[in-house]
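The stops below may be selected in turn.

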Amino acid sequence: MRSLYKTGSYAVMHLIVAIAVGYGLTGDLFIALSIGLLEPAVQTLFFALHKRLWEGKKPKGEATGLSLAAR
């Protein structure tokens, strides 16, 4: 349960920072809110793409699961 709270608080912090940076750069609250809400969605898509590309570059013979050292 603690991990869920940590993830939620990080998501809220990420939104606040993205909105604050957007506002700092533009001075427009609407644009800042748009950036703050759009950026995490785009970031999620790029994370999925990155993960897919990264997993395609595994050395031959490497196991498909994560080793204990990588966790």
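Begin by selecting G36, which lies in helix α2, residues 29-55; helices (H or I, at least four residues) and strands (E, at least two) are DSSP runs, numbered from the N terminus. The model is a predicted one, in which local features need pLDDT of at least 70 and side-chain atom pairs count only at pLDDT 80 or more, while totals for chains, interfaces and linings use all residues. Residues are numbered from 1 along each chain as its sequence is written, and side-chain values use heavy atoms, with hydrogens and water left out.

Is G36 buried or exposed? G36 is buried, because its relative accessible area is 0%; buried means under 20% relative accessible area, exposed over 50%, and partly exposed in between (1.4 Å probe, protein chains only). Now display the surroundings of G36. Setting aside residues up to four places away in sequence, G36 touches L15, A18 and I19, where contact means heavy atoms within 4.5 Å.

Next, select the whole chain. The chain holds 2 helices and 0 strands. Of its 71 residues, 6% count as buried. The accessible surface of the chain comes to about 6,500 Å², and 71% of this surface belongs to carbon and sulfur atoms; such areas come from the Shrake-Rupley method with a 1.4 Å probe, and for residues only the protein chains shown count as cover.

Colour the two helices separately and turn to their packing. Two packed helices are described by the angle between their axes and the distance between the axes. Helix α1 covers residues 2-26, and its axis comes within 8 Å of that of α2, crossing at roughly 140°. The axes are lines fitted to C-alpha atoms, for helices over the stretch in contact, with angles from 0 to 180 degrees between N-to-C directions. The helices α1 and α2 are therefore oblique to each other: angles under 35 degrees count as roughly parallel, over 145 as roughly antiparallel, 65 to 115 as roughly perpendicular and the rest as oblique.

Which residues make the contact? Select H14, L15, A18, I19, G22, Y23 and T26 of α1, together with L29, I31, A32, L33, I35, G36, L37, E39 and P40 of α2. The residues of this contact divide into 11 nonpolar, 4 polar and 1 charged; Ala, Val, Leu, Ile, Met, Phe, Trp, Tyr, Cys and Pro count as nonpolar, Asp, Glu, Lys and Arg as charged, and the others, Gly among them, as polar.

Move to T26 in helix α1. T26 is partly exposed, at a relative accessible area of 38%, and touches I31 and A32, not counting residues up to four places away in sequence.

Then select E39 in helix α2. With a relative accessible area of 28%, E39 is partly exposed. Leaving aside neighbours within four places in sequence, E39 is in contact with H14 and A18. The C-alpha atoms of E39 and I19 are separated by 9.5 Å.

Finish at A11 in helix α1. A11 counts as partly exposed, at 41% relative accessibility. The C-alpha atoms of A11 and P40 are separated by 8.7 Å, with the two residues 29 residues apart along the chain.
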